[in-house]
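Here are a few exercises to work through with the model open beside you. Try each task before reading its solution.

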Amino acid sequence: MSKKSKPAGIQWLKKVEEHDYPAAQSYLLLLYDKKQVKQFVSRLKAADVTQFKSKDIFRASGLSLLGVSNSHVEKDSKKIRDGKALSPLLLVRDPLHGKVIIADGYHRLCAIYNFDEDAWIHCKIV
C-alpha cells in the first residue's frame, strides 16, 4: 500500500499493552544499567500518553525506516489497514546523546510512517 492510499486514521489503544513494558526493558538493558532501566520503566508506566509526529520521532531517534517487507512492519501495516488499534510507543529521552530511544514500538512507527509520515503517534515519553 502506498502513502496515497492511507487508511482513514490510525487507531490507538487508550493504554500501552502490558507486554510492551518487558519488551522495552529488554531493549533498554542493552543500553543502560539495571537500576536506570528499572527507573525508566517505572516512569513510563506512570507517564501520560502524548503525541508526536512520526517524522519527528524518526528524526529525534536517528534510526532508519524499516521497509514494509520486514515481517513485523508487515504485521503492523495489516493491523492499520484492518482498523485495529495499536499500542502507544514507549520512548526515552537520552539527553547525553541528543536522541530519543524507541524502547518499544519501532516496527509500529515504521508501519505508520509508510502510510503517513505526518501521522500523530501516541506514545509515552520520559
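**Exercise 1.** Count the positive and negative side chains of the chain, and find how far apart the centres of the two sets lie.

*Solution.* Start with the rule: Lys and Arg count as positive and Asp and Glu as negative, while His and the chain ends are not counted. Each charge is placed at NZ of Lys, CZ of Arg, CG of Asp or CD of Glu. The chain then has 22 positive and 14 negative side chains. The two centres lie 1 Å apart.

Before you go on, note that this is a predicted model, where local features need pLDDT of at least 70, side-chain atom pairs count only at pLDDT 80 or more, and totals for chains, interfaces and linings use all residues. Residues are numbered from 1 along each chain as its sequence is written, and side-chain values use heavy atoms, leaving out hydrogens and water.

**Exercise 2.** Which residues of helix α4 are buried, and where do they pack?

*Solution.* First, locate α4 at residues 71–81 (helices are DSSP runs of H or I, at least four residues, numbered from the N terminus). Next, pick out its buried residues (under 20% relative accessible area, 1.4 Å probe, protein chains only): Val73, Asp76, Ser77 and Ile80. Looking down the axis of α4, these fall within an arc of 105 degrees, so they line one face of the helix (the arc uses directions from the helix axis to the C-beta atoms). Finally, follow their contacts (heavy atoms within 4.5 Å): the buried residues of α4 pack against α5, residues 106–115.

**Exercise 3.** What phi does Gly83 take?

*Solution.* Step just past α4 to Gly83, whose phi is positive, about 75 degrees.

**Exercise 4.** What share of the chain's 126 residues is buried?

*Solution.* Applying the burial cut-off to the chain gives 39%.

Note on methods. Buried < 20%, exposed > 50% of the residue type's maximum accessible area, 1.4 Å probe, protein only. Helix = DSSP H or I, 4+ residues; strand = E, 2+ residues; numbered from the N terminus.
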